[in-house]
Amino acid sequence: MKRIRRWGPGLLLVSPSIVLIAVFVYGLIGWNIKVSLSDWRQAQPSSGYAGLRAYRDLFHDAVWSLDLRHILIFTVVFIVGTLFVGWTLAFLLDKGVKGEGFFRAIYLFPMAVSFIASGIVWRWLMNPAPGDRETGLNAVFDHAGLHFLVNQWYLGQNWGMAAMAMPAVWALSGYIMALFLAGFRGVPEELREAARMDGASEYRVYRHVVFPHLRPVTLSALIILGHISIKVFDLIVAVGGKQLITQVPAVYMWIQIYDAQDYAKGAAIATLLLIGISVLIIPYLIFTVRSERNA
Amino acid sequence: MSTVAQAPPLAAPVRKRRRRRTIGLKYVLLLILAVIILMPVYVLLVTSFKGVIETDAAHAWSLPHLWSVDAWRQAWTQLSPNMRNSFELVIPATLLSTMLGALNGFALSKWRFPGADLVFTFFLFGMFIPYQAVMIPLTQLLTNIHFPTGIPSLIFAHIVYGIPITALIFRNYYATIPDELMEAARMDRAGMFRTFWSVVLPISMPAFVVALIWQFTSIWNDFLFAVFIVTDPSQWPVTVALNNTTGSLVTPYNLQMAAALLASAPTLVVYILLGRYFMRGLMAGALKG
């Protein structure tokens, strides 16, 4: 009894949130799965059971395969690009430069802007219009004599999604820089100093002391970027709209609800997105909580 | 970098010169990257102050010959009702979800109950889910229980789905407060609320700033919830209205850019004034304290 009096109030304080999360996260996920198994394929809700039909439809759907191809290209370019730029920025800032705060503020500022807003500029920068209507980056390339770089950007037939990843790299590189910078600075100075005392060159200090320390940070960065990438929605809507050539699963789900009013199929896409993310996130959560407990 | 490693030992003056050169190179690289990252801002600003005639391809990258605020005036006329909606959304949603986060973070780290870590993990998963996976039933449920439509629905959604991140920010912060402080309060027979109110809350300012900025930015910038939940255009927050005006190809570039800047102005102002705390919120999002 005394024990309960000790911890009871804490549980009571959190309980409204527990109920909200239980209902609005877990309960609605269950409900969404139920919708995906239903025959609700028109504006009017319907709860007849249709089994895995929506999933089977997706499996044979050429648009869905195209979406998967798009999201795959986007994810690879986005993750590799962001890790590379973010890592480079952190590496350059690591040893301390004059005006570090100023540089950091510039590199991070894209995080404060919505993709809906920045997508507008990127649509202009990546405008593929030819000849005397040429603007944006193509115009820059042409003026600089780099004609071979002039391209179709996000409207390119096969690899347009690689260009679509550019605004995302631009937006998230500062974040990854911040993560890596914390990683670089987390390496105890004594370790670096000890290696230097042993006659290691600065290159070897990085290679053998600093970089191995960055593995956990790199893993976090990969998982964070991966889950952002699977969910990407705003950016695609802002730059490409509903065009098929830039469509990804999250946009397809939106189209299914608003234009086709096929709720079962929309819910099935949402469930597949959730599965994709869970595969990444659940092991990460378990790992993080466990290592926190051991700490 | 690798050349330095392989080179034979150099005489001290040579090494010094070389180091100065690498430092110079470092600044050049940092500056180039800064210019690239700021390039979209240049385009936004320059284009937004052009008259409509100058938005053609021939003047694409140049400064305006005639500076004009027409586009800004027009953007303001079109978006000001939605800016107002966004403020009516973001102020209550940010304040309420931050307060809820403080209480949750406190109980999950300093007034713990058996299974507190499990509950926290159970919360955290909600931060990563694609919200599409709850969107269809969420809109259906809100309609079925006759929840006030439009902005109130959106406020509610942001409070609920903001529970994980705000709990995380405050829990991480409170973890740095020594437990002895709580024990001392318990010795004085202070109850939970009294302890929270007079011991914990007065030192919670840093976490409040981080959580407020984080929630303000993400709720202001949200598009996904708004586009699914708010069906009445007069209730749209600014992100949805912005996408709607600029999505059409007939909108001239100067208006598009001015509208984008206008819609981003509040979060940019917050970032410029309080950027330091913004970075801390980001780090919390990576689950690290």
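The crossing of α3(B) and α6(B) is right-handed; a crossing is right-handed if the near helix is turned clockwise from the far one by less than a right angle, and left-handed if anticlockwise. Helices here are DSSP runs of H or I with at least four residues, strands are runs of E with at least two, and both are numbered from the N terminus. This is a predicted model, in which local features need pLDDT of at least 70 and side-chain atom pairs count only at pLDDT 80 or more, while totals for chains, interfaces and linings use all residues. Residues are numbered from 1 along each chain as its sequence is written, and chains are lettered from A and ligands numbered from 1 in the order in which they are written.

Back to that pair. The axes of α3(B) and α6(B), residues 151-161, are 9 Å apart, at an angle of about 30°. Axes are lines fitted to C-alpha atoms, for helices over the stretch in contact, and angles run from 0 to 180 degrees between N-to-C directions. That makes α3(B) roughly parallel to α6(B), where under 35 degrees counts as roughly parallel, over 145 as roughly antiparallel, 65 to 115 as roughly perpendicular and the rest as oblique.

Which residues meet? From α3(B) they are B:Asn85, B:Glu88, B:Leu89, B:Pro92, B:Ala93, B:Leu96, B:Ser97 and B:Leu100, and from α6(B) B:Ile151, B:Leu154, B:Ile155, B:His158 and B:Ile159. Contact means C-beta atoms, placed from the backbone, within 7 Å. By class, this contact has nine nonpolar, three polar and one charged residues. Nonpolar covers Ala, Val, Leu, Ile, Met, Phe, Trp, Tyr, Cys and Pro; charged covers Asp, Glu, Lys and Arg; the others, Gly among them, are polar.

Next pair: α4(B) and α7(B), residues 163-174. Their axes come within 7 Å and cross at roughly 125°, and the two helices are therefore oblique to each other. α4(B) passes α7(B) in a left-handed crossing. On the α4(B) side the contact uses B:Phe120, B:Phe123, B:Leu124, B:Gly126 and B:Met127, and on the α7(B) side B:Ile163, B:Pro164, B:Ile165, B:Ala167, B:Leu168 and B:Arg171. These residues divide into nine nonpolar, one polar and one charged.

Now the chain as a whole. Chain B has 13 helices and zero strands. Chain B is divided into domain 1 (2-48) and domain 2 (70-285), with bounds from an automatic or database domain assignment. The centres of the two domains, taken over C-alpha atoms, are separated by 38 Å. Along the principal axes, the C-alpha atoms of chain B fill a box of roughly 75 × 70 × 35 Å.

Chain A also comes to 13 helices and zero strands. Its radius of gyration is 24 Å, well over the 19 Å from the globule rule for 295 residues, so chain A is more spread out than a compact globule. The box for chain A is roughly 80 × 75 × 30 Å, taken along the principal axes.

Note on methods: Contact = placed C-beta atoms within 7 Å. Rg over C-alpha atoms; globule rule 2.2 N^0.38 Å.
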